[in-house]
Amino acid sequence: MNIGEVAKMAELPIKTIRYYEEIGFIQPKRSANGYRSFRVSDVHKLAFLGRARSLGFSIEDCRALLQLYENDTRASADVKQIAQEHLARIDAKVKELQAMRNTLSDLIDACAGDDRPACPILSDLATLS
């Protein structure tokens with residue numbers, strides 16, 4: 001299969017597929033003229049990576065998950081640990097975003113939003129930490 005066909009099947013941009021090849025996630029065969037020739041297994045890996053990235057896993061997490069995916073003797077505990085660590089990072093980010101939201105909401109509530117120049121939003125943004 002050529003890269004265009006694989007891109008459609010894996011639902012990934014061609015640029016992403018080239019990047020994944022560059023960093024060693026896939027190694028398509030090359031014809032004598034240098035064109036990539038993808039196998040069905042490459043499509044599965046690319047779809048796997050696309051799904052993992054859509055869940056927010058980092059490139060390094062994807063590398064580890066892909067190695068585990070390809071290892072028939074893997075322990076599911078190793079996969080679970082990577083997922084749990086990622087979930088902990090997501091939870092921390094959600095907490096951070098919720099704090100940001102609360103602060104911004106409070107500032108918006110404090111702003112009269114009228115024709116006067118006084119604005120607690122701008123005052124807060126200008127405050128030195």
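Mentor: A residue is buried when its relative accessible area is under 20%, exposed when over 50%, and partly exposed in between (1.4 Å probe, protein chains only). The model is a predicted one, in which local features need pLDDT of at least 70 and side-chain atom pairs count only at pLDDT 80 or more, while totals for chains, interfaces and linings use all residues. Residues are numbered from 1 along each chain as its sequence is written, and side-chain values use heavy atoms, with hydrogens and water left out.

Trainee: Why is aspartate 42 called buried?

Mentor: Its relative accessible area is 0%, and the limit for buried is 20%. Aspartate 42 is therefore buried. This residue sits in helix α3, residues 40-54; helices (H or I, at least four residues) and strands (E, at least two) are DSSP runs numbered from the N terminus.

Trainee: What lies around aspartate 42?

Mentor: Contact means heavy atoms within 4.5 Å. With neighbours within four places in sequence set aside, aspartate 42 is in contact with Ile26, Gln27, Pro28 and Ser37.

Trainee: How do you know where the buried residues of α1 lie around its axis?

Mentor: The buried residues are Ile3, Val6, Ala7 and Ala10. They cover an arc of only 105 degrees, which puts them on the same side of α1; the arc is that of the directions from the helix axis to the C-beta atoms. Lys8 and Met9, on the other side of α1, are exposed. The cover over the buried residues of α1 includes α2, β2 and α3.

Trainee: What makes the buried residues of α2 line one face?

Mentor: In α2 (residues 14-22), Ile17, Tyr20 and Glu21 are buried. Seen down the axis, they fall within an arc of 100 degrees, so they line one face of the helix. Lys15 and Glu22 are exposed on the other side.

Trainee: Why is α1 described as oblique to α3?

Mentor: Angles under 35 degrees count as roughly parallel, over 145 as roughly antiparallel, 65 to 115 as roughly perpendicular, and the rest as oblique. The axes of α1 and α3 come within 9 Å and cross at roughly 45 degrees, and that makes α1 oblique to α3. Val6, Met9 and Ala10 of α1 and Val43, Leu46 and Ala47 of α3 make the contact. Axes are lines fitted to C-alpha atoms, for helices over the stretch in contact, and angles run from 0 to 180 degrees between N-to-C directions.

Trainee: What makes α3 and α4 oblique to each other?

Mentor: Their axes come within 10 Å and cross at roughly 140 degrees. Antiparallel would need an angle over 145, and α3 and α4 are therefore oblique. Among the contributors to this contact are Phe48 and Leu49 of α3 and Leu65 and Leu66 of α4.

Trainee: How do you know whether glutamate 11 is buried or exposed?

Mentor: Its relative accessible area is 71%, so glutamate 11 is exposed. This residue is found in the loop between α1 and α2, and has a positive phi of about 55 degrees although it is not a glycine.

Trainee: Why does leucine 104 count as partly exposed?

Mentor: Leucine 104 counts as partly exposed because its relative accessibility is 45%, between the limits of 20% and 50%. Leucine 104 belongs to helix α5, residues 76-110.
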